[in-house]
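Reader: I would like to go through this structure with you, beginning with the charged side chains. Could you take my questions in turn?

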Amino acid sequence: VRKAVIPAAGFGGHLFPATKLIQKEFFPIIDRDGIAKPAIFLIVEEALRAGIEEVILIVQESARKDFEAFFHQKLTTENFNKLAPKYQEYASEILDMGKRVKFVVQKNQLGFGHAILCAKEAVGDQPFLMMLGDHIYRSNNETSCAQQLIDMYQLHGKNIVGLRYSDEEAIAHFGTVSGTWLERDEKSQILNITEFAEKPTLDYAQRNLRVNGLDDDHYLTVFGQYILSPQIFTLLEEQINNNIRQKGEYQLTPALDKLRQYDGFLGLMIDGKRFDIGLPENYLETLQEFRKQ
């Protein structure tokens with residue numbers, strides 16, 4: 001797994017009017033070292049530290065210059081000299097990161113699945129790590145969340161998605177899966193996925209998405225990190241060519257479920273936590289909690 005895809009072309013309507021001025025991916029997060037870092041910095045950093053060689057950011061045309069300026073443009077000498085040494089180090093680190101960041105433009109915002117398809121040419125014929133552009137991650141141990149997923153992919157060689165436990169009140173906001181346990185012990189919890197459902201109703205979840213060993217009010221939801229085979233692009237093209245939409249957009253989940261039927265799909269319980277910045281209350285929680293973890 002040498003490449004990562006990060007969709008960052010959404011409008012961020014839930015964070016308007018702030019997103020009229022700045023992409024949500026640039027919202028600042030205070031890290032454990034006390035430094036304010038844009039969310040996209042933390043996401044790209046997670047991918048690169050897991051051994052990814054190239055990060056593909058999917059962006060809007062109107063925002064491309066901002067992303068390029070962040071990752072590729074040097075500070076003026078005057079501003080650089082005003083920085084304390086630790087910040088000068090970060091200025092250099094961002095430029096080093098930028099050498100491995102590539103941009104793909106999503107010309108029309110037609111949905112999550114459409115955004116991923118835009119990366120087809122850049123990814124090529126190889127498996128890739130996909131991470132959400134409005135989530136940041138923190139592992140509970142020395143192995144990052146992305147590295148946990150990559151390590152398990154290397155063992156099994158199958159499409160795999162990170163999972164977490166969620167209570168029933170949360171599933172209407174997330175992709176949810178069902179399946180049977182392939183492994184479940186202290187070292188790893190791996191699910192053989194039998195269904196993907198995009199933001200299901202509670203009634204549907206109770207009838208179709210139960211997983212053995214979980215409390216009745218708990219389900220398994222998508223963590224926000226995937227490793228996918230390039231066949232996902234073929235399935236997304238079929239979906240778009242046949243104009244198969246959900247709520248007017250081309251979504252990723254139907255293609256994931258077809259990929260599961262063709263190749264199989266595993267789910268790994270990630271030993272870590274994800275932080276969502278896509279909603280005001282979640283962004284506030286991230287600001288309060290991320291530094292503490």
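Reader: Which residues are linked in a network of salt bridges?
Author: D31, D33, K37 and R138 are linked in such a network. A salt bridge here is a side-chain nitrogen of Lys or Arg within 4 Å of a carboxyl oxygen of Asp or Glu. This is a predicted model, in which local features need pLDDT of at least 70 and side-chain atom pairs count only at pLDDT 80 or more, while totals for chains, interfaces and linings use all residues. Residues are numbered from 1 along each chain as its sequence is written, and side-chain values use heavy atoms, with hydrogens and water left out.

Reader: How many salt bridges are there by this rule?
Author: The count comes to 14.

Reader: D257 and R260: buried or exposed?
Author: D257 is buried, with a relative accessible area of 16%, and R260 also counts as buried, at 17%. The closest N and O atoms of their salt bridge are 2.9 Å apart. The two residues lie three apart in helix α11 (residues 253-263), about one turn of the helix.

Reader: Back to α3. At what angle does it cross α5?
Author: The axes of α3 and helix α5 (residues 85-98) cross at roughly 120 degrees and come within 7 Å. Axes are lines fitted to C-alpha atoms, for helices over the stretch in contact, and angles run from 0 to 180 degrees between N-to-C directions.

Reader: Which residues meet there?
Author: F70, F71 and H72 in α3 meet I94, L95, M97 and G98 in α5; contact means heavy atoms within 4.5 Å. By class, this contact has five nonpolar, two polar and no charged residues. Ala, Val, Leu, Ile, Met, Phe, Trp, Tyr, Cys and Pro count as nonpolar, Asp, Glu, Lys and Arg as charged, and the others, Gly among them, as polar.

Reader: What is the size of the largest nonpolar core?
Author: That core has 88 residues, and F71 is among those with the most contacts inside it, together with V44, V55, L57 and I232. Helix α2 (residues 39-49) gives the most to this core, with eight residues. A second, separate core of five residues includes I171, A197, A205 and Y219. A nonpolar core is a set of buried Ala, Val, Leu, Ile, Met, Phe, Trp, Tyr and Cys residues joined through side-chain atoms within 4.5 Å.

Reader: Changing topic, what does T176 touch?
Author: Leaving out residues up to four places away in sequence, T176 touches several residues, including I171, A197 and Y219. T176 lies in strand β9 (residues 175-184) and counts as buried, at 0% relative accessibility.

Technical notes: Helix = DSSP H or I, 4+ residues; strand = E, 2+ residues; numbered from the N terminus. Buried < 20%, exposed > 50% of the residue type's maximum accessible area, 1.4 Å probe, protein only.
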